[in-house]
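Me: I'm new to this one. Can you walk me through it?
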Amino acid sequence: MTDQALWRPTRRRLTETLLAALAPVAVSVLALGGLSVWTVLGNAGGPARITVTGGRLFLPTGDTPDTAAFFRIANTGGSADRLLKVTSTETDAATSLSRHRMTGARSASARTVASVPVPAGDSISMSPKSLDVIVPANPDWQIGDLVTFTLHFERSGPVRSVAVVDRPGQGGT
C-alpha cells in the first residue's frame, strides 16, 4: 500500500477559497437589496392601469363661485398611483382637490389636498362626503351638459374624462 498525501489546509488555500466564495455572495446580497428597494418603492408587478368613469358636476346654484365634480377612479394594475391634480379647459380658473370630513350631524369641514393615493387593485369613489374636485362655477352650464376634465396621475399621466352636469341629490350623489 502506498501512502497518499493528505490534503492539508494552509493559510493560502483558505484565503483563496474564501475570496472565491465572497464574490458570488456579495453579488447576490447586492441584487437582493436592489430588488427589495425596487419593491418597496412600488415598482414591482405590473404598471398602474387607471380608468375614470361616472363623472358628475353639480349645477351651480345662485351666486356661488364654486361647485363640485366627482369621479370614480379604478386602478386595475399591479402598482399604486397618485392623483396629482384635475384640470379643465372649460373653467375660468384653477380647480383643486378637496377632502370633506363630517364634524357633526349636519356640518362638515373641507381642506384642500395636494394629491390622493390610488392603491393597486382598488378604486376611489368621490362624493360630497369624502373627496371631490372644487370647480369654478360657470353660470352658462345647464343640466345634461358635458364638461371635459383631465385627471393627472403621477405614473399613468393624464386621463381625460367627461362629467355630466346635474343637480345635487340626483344620480346617486
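**Burial, core and surface**

Me: How much of the chain is buried?
Reply: Buried residues make up 29% of the 173 residues in the chain. Buried means under 20% relative accessible area, exposed over 50%, partly exposed in between (1.4 Å probe, protein chains only). This is a predicted model: local features need pLDDT of at least 70, side-chain atom pairs count only at pLDDT 80 or more, and totals for chains, interfaces and linings use all residues. Residues are numbered from 1 along each chain as its sequence is written, and side-chain values use heavy atoms, with hydrogens and water left out.

Me: What helices and strands does the chain have?
Reply: One helix and ten strands. Helices (H or I, at least four residues) and strands (E, at least two) are DSSP runs, numbered from the N terminus.

Me: Which residues have the most contacts inside the largest nonpolar core?
Reply: I73 and F149, in a core of 29 residues. Such a core is a set of buried Ala, Val, Leu, Ile, Met, Phe, Trp, Tyr and Cys residues joined through side-chain atoms within 4.5 Å.

Me: Which strand gives the most to this core?
Reply: β2, with five residues.

Me: What is F149 in contact with?
Reply: Leaving aside neighbours within four places in sequence, its partners include L57, F71, V135 and A163. Contact means heavy atoms within 4.5 Å.

Me: New topic. Where is V162, and how exposed?
Reply: V162 sits in strand β10. V162 is partly exposed, at a relative accessible area of 39%.
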